[in-house]
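Please look over this model with its side-chain packing in mind. A short report follows.

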Amino acid sequence: MFLSTREKEIIEMLIKYHGQYVKIYDIAQHLAVSSRTIHRELKSIETFLDTFNIKLERVNKKGIQLDANLALITNLKKTILKQDTIDLSQEEQKVIILYGLIQTKDPIKQYSLAHEIGVSTQTLAKLLDELEYELVQYQLALIKKRGEGIRLEGPESKKRELLSQLMVNNLNSTSVYSVIENHFVYQSLNASQLSMVDMDKIFQVERVLMDHLDQLPYSLTESSYLTLTVHIVLSIDRMLNGEYVGLSTEIYNSAKDTFEHEVASALALQLEHIYGVQFNQSEITFITIHLRGAKRKASTDGVNDDYDENIITEFVSNVAEKSNMTFTDLTTLTEGLKLHIIPAINRLRANIETYNPLTDMIKQNYPVLFNSITHALQQTWPELEFPDSEIAFIVLHFGGAIYNQQEHELSILVVCSSGIGTSRLLATRLEQTFSEITRTTQSSVSDLKQLNTNQFDAIISTVDLDINASYITVNPLLPDADIKHVAAFLNTHSSTNQNLTQEQDSKLEIMNSDATISFMRKGLELVDSVYIDNTDVTNWQSYLAEKTFEHQIINDKNAFIKLLTKRNSEQNFALDPYPIAIPHLKSDLIQKPFILITVLNKPIVFEKDNTESCEISYLLNMFIPADENMLSEIISDVSSNLVEHINTLDTFLQDSSNIKQILKQSYLLKLKKLLN
């Protein structure tokens with residue numbers, strides 16, 4: 001059985017304190033997780049300890065300890081030192097389960113599958129329940145028989161499609177590969193645990209693909225390129241095991257005379273020589289329909305697969321009529337739809353389902369546009385049935401087109417847990433990305449109660465909110481996927497009241513000279529509150545409590561730790577995939593402003609959710625008292641400037657004068673505005 005990194009650390013802690021009871025709370029604090037997380041991990045740890053004849057003794061109000069003699073503990077310690085750890089997300093676990101089921105024709109015992117991914121049989125049962133629901137769209141089913149085990153039933157082509165899709169969508173840059181100039185770059189995959197793909201084979205297939213795909217009159221998107229490469233590698237493995245796809249004569253006849261079939265045939269011939277595997281006509285056709293169904297970047301010679309622009313134009317007109325919307329820049333919209341819809345039609349005709357993780361959100365948030373497009377598709381292509389996943393992709397095209405029409409200036413409320421850290425980060429990214437957003441107001445969750453949300457065109461948050469008004473939750477770094485969400489959201493949820501005055505700049509409203517002098521003093525105090533610390537940290541909450549207490553920022557360390565932990569659970573401070581976290585608070589617990597840059601001598605693990613984590617090398621800690629509204633914008637400017645230096649953190653954060661300079665400039669600008 002494989003251990004997760006956290007499970008191994010818990011066992012090491014119990015070995016270290018053998019003979020003493022260790023409280024769950026102390027373990028949780030040491031590992032910077034919740035007590036509930038530790039309780040969950042102990043279930044699989046007990047299973048692991050059973051193999052050493054060691055019991056986990058639990059005593060109420062005392063804690064836990066290893067119940068074993070010194071010889072057994074020594075044996076466990078030696079094994080733990082050599083033990084490799086593996087931390088898989090739920091989606092990665094599903095891929096391993098499916099790969100195991102696909103690779104064998106015989107049923108597999110649940111215990112064997114659980115052991116393979118290092119979880120309990122109870123956890124496996126939950127994963128299988130989720131898989132059963134997801135398999136339906138791929139025309140596959142899990143067959144469970146008592147006493148025999150589990151097997152996967154369905155067409156070979158669907159098994160491959162599912163596995164390649166899961167790999168591309170879920171085994172991302174933190175676990176398997178990233179794309180650099182269209183090339184696979186493997187990083188941290190534990191090959192001994194997950195050997196479903198051979199790296200040499202991936203690189204070899206990729207090089208062969210590059211030679212042949214250049215012959216196509218269009219370029220594939222990166223995601224299609226990756227999917228096709230993974231698909232071919234999996235197909236070669238399956239054929240070497242004697243498993244071939246079976247396709248109907250109708251599908252073969254529809255593909256045999258296409259340009260893609262010529263490319264697929266040449267590609268298959270070269271792969272046959274390299275791997276000694278025989279591509280039959282069905283396998284060549286299978287590559288052909290994946291090429292025809294691949295999403296495209298651009299067309300170099302006007303190839304349109306028997307569909308001219310008049311059909312797409314007719315479709316756009318149908319959508320406009322049914323939705324009561326008008327669209328400008330029809331050339332861009334039509335060309336974008338053409339690049340998407342033509343491969344989509346090819347996929348539908350070949351019975352290939354495309355996974356879209358945003359489908360449910362798009363259906364819920366944009367019902368009018370979704371229904372209009374659904375009916376327009378049925379009217380334009382009555383012989384085809386577009387699934388919701390494909391319709392959702394098309395909705396994004398129209399959402400962007402509607403957004404481009406907007407000429408009015410937008411005022412956006414940006415919310416995070418404290419209103420001083422990630423909200424400013426997000427506000428900066430929004431202003432950089434959307435020229436129509438001319439004003440952003442940052443707010444904490446608690447301050448929302450005092451705000452009239454109707455005065456804003458839209459609310460965009462980094463955390464879930466308990467409000468009646470419509471809002472959208474995004475990553476504070478605003479990755480590409482979230483940009484599309486925001487574009488569509490601004491179209492469908494913008495406030496209809498565009499004439500509200502912009503009078504609320506309350507953070508800088510100073511009513512008298514005493515307040516002005518107070519602002520000047522506190523601004524200078526803030527500039528002088530920047531510290532840098534190069535150190536080792538095991539528990540970041542305890543570390544920050546000690547530092548803030550040492551600098552007389554707080555009086556109650558325990559309350560401060562609880563607040564930090566609560567805020568981090570509501571909105572993770574880590575800016576994954578970058579190696580930085582931004583713990584920030586605005587609270588009554590804080591006596592005076594404090595900014596601390598922590599450069600870690602070795603990375604620490606930040607838990608993103610119950611299944612994933614990331615490594616952090618820098619902490620940018622920003623704390624101010626609850627009533628210091630005047631200083632909030634100055635501190636927020638630090639987060640704003642961080643966007644410009646996110647790729648050069650090693651240089652930017654090693655020198656505290658960089659942060660001080662930002663604070664000085666922000667302070668002087670606001671002071672000048674105030675005095676004028």
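Among contacts in the protein between residues at least 6 apart in sequence, what share joins residues at least 24 apart? The share is 72%, where contact means heavy atoms within 4.5 Å.

**Ground rules.** This is a predicted model, in which local features need pLDDT of at least 70 and side-chain atom pairs count only at pLDDT 80 or more, while totals for chains, interfaces and linings use all residues. Residues are numbered from 1 along each chain as its sequence is written, and side-chain values use heavy atoms, without hydrogens or water.

**Overall make-up.** The protein has 26 helices and 17 strands. These are DSSP runs, numbered from the N terminus: helices are H or I with at least four residues, strands are E with at least two. Of the 676 residues, 53% are buried. Buried means under 20% relative accessible area, exposed over 50%, and partly exposed in between (1.4 Å probe, protein chains only).

**Aromatic pairs.** A pair of aromatic rings is described by the distance of the centres and the angle of the planes. Rings of Phe, Tyr and Trp (its six-membered ring) pair if their centres lie within 6.5 Å; planes under 30 degrees apart count as stacked, over 60 as edge-to-face and the rest as tilted. By this rule there are eight aromatic pairs. Phe315 and Trp381 form a tilted pair, with ring centres 5.5 Å apart and planes at 55 degrees. Phe315 sits in helix H14 (residues 309-323), and Trp381 in the loop between helix H17 (367-380) and helix H18 (388-405), so the pair ties together parts 66 residues apart in sequence. Phe315 is buried at 0% relative accessible area. Trp381 is buried too, at 2%. Phe560 and Phe623 make another pair: their ring centres are 5.3 Å apart and their planes stand at 80 degrees, so the pair is edge-to-face. Phe560 belongs to helix H23 (residues 557-570) and Phe623 to strand S17 (residues 613-625), 63 residues apart. Phe560 is buried at 1% relative accessibility, and Phe623 at 0%. Ring pairs also link Phe315, Trp381, Phe386 and Phe398 into a cluster.

| Pair | Centre distance | Plane angle | Class |
|---|---|---|---|
| Phe315 and Trp381 | 5.5 Å | 55 degrees | tilted |
| Phe560 and Phe623 | 5.3 Å | 80 degrees | edge-to-face |

**Helix H22 and what follows.** Helix H22 spans residues 540-550, and its buried residues are Trp540, Gln541, Tyr543, Leu544, Ala545, Lys547 and Thr548. Their cover includes strand S13 (530-535), H23, strand S16 (594-607) and S17. At the start of H22, a side-chain oxygen of Asn539 comes to within 3.0 Å of the backbone nitrogen of Gln541. That is a polar contact: a pair of N or O atoms within 3.5 Å, where within protein one must be able to donate a hydrogen and the other to accept it, and residues adjacent in sequence count only if both atoms are side-chain atoms. Lys557 lies over the face of Phe549, 4.9 Å from the ring centre. The rule asks for NZ of Lys or CZ of Arg within 6 Å of the ring centre and within 35 degrees of the ring normal.

**Positive phi.** Gln552 is not a glycine, yet has a positive phi of about 60 degrees. Gln552 is in the loop between H22 and H23 and is exposed at 59% relative accessibility. Asn53, also not a glycine, has a positive phi of about 60 degrees. Its place is the loop between helix H3 (35-50) and strand S1 (55-59), and Asn53 is exposed at 61%.

**Two buried polar residues.** Ser587 lies in strand S15 (residues 584-587) and is buried at 9%. A polar atom of the Ser587 side chain is 3.0 Å from the backbone nitrogen of Leu589. Beyond neighbours within four places in sequence, Ser587 is in contact with Leu563, Ile624, Pro625 and Ala626. Lys8, in helix H1 (residues 5-16), is buried at 16%. The Lys8 side chain reaches the backbone oxygen of Ile80 at 3.3 Å. The C-alpha atoms of Lys8 and Gln83 are 8.3 Å apart, across 75 residues of chain.
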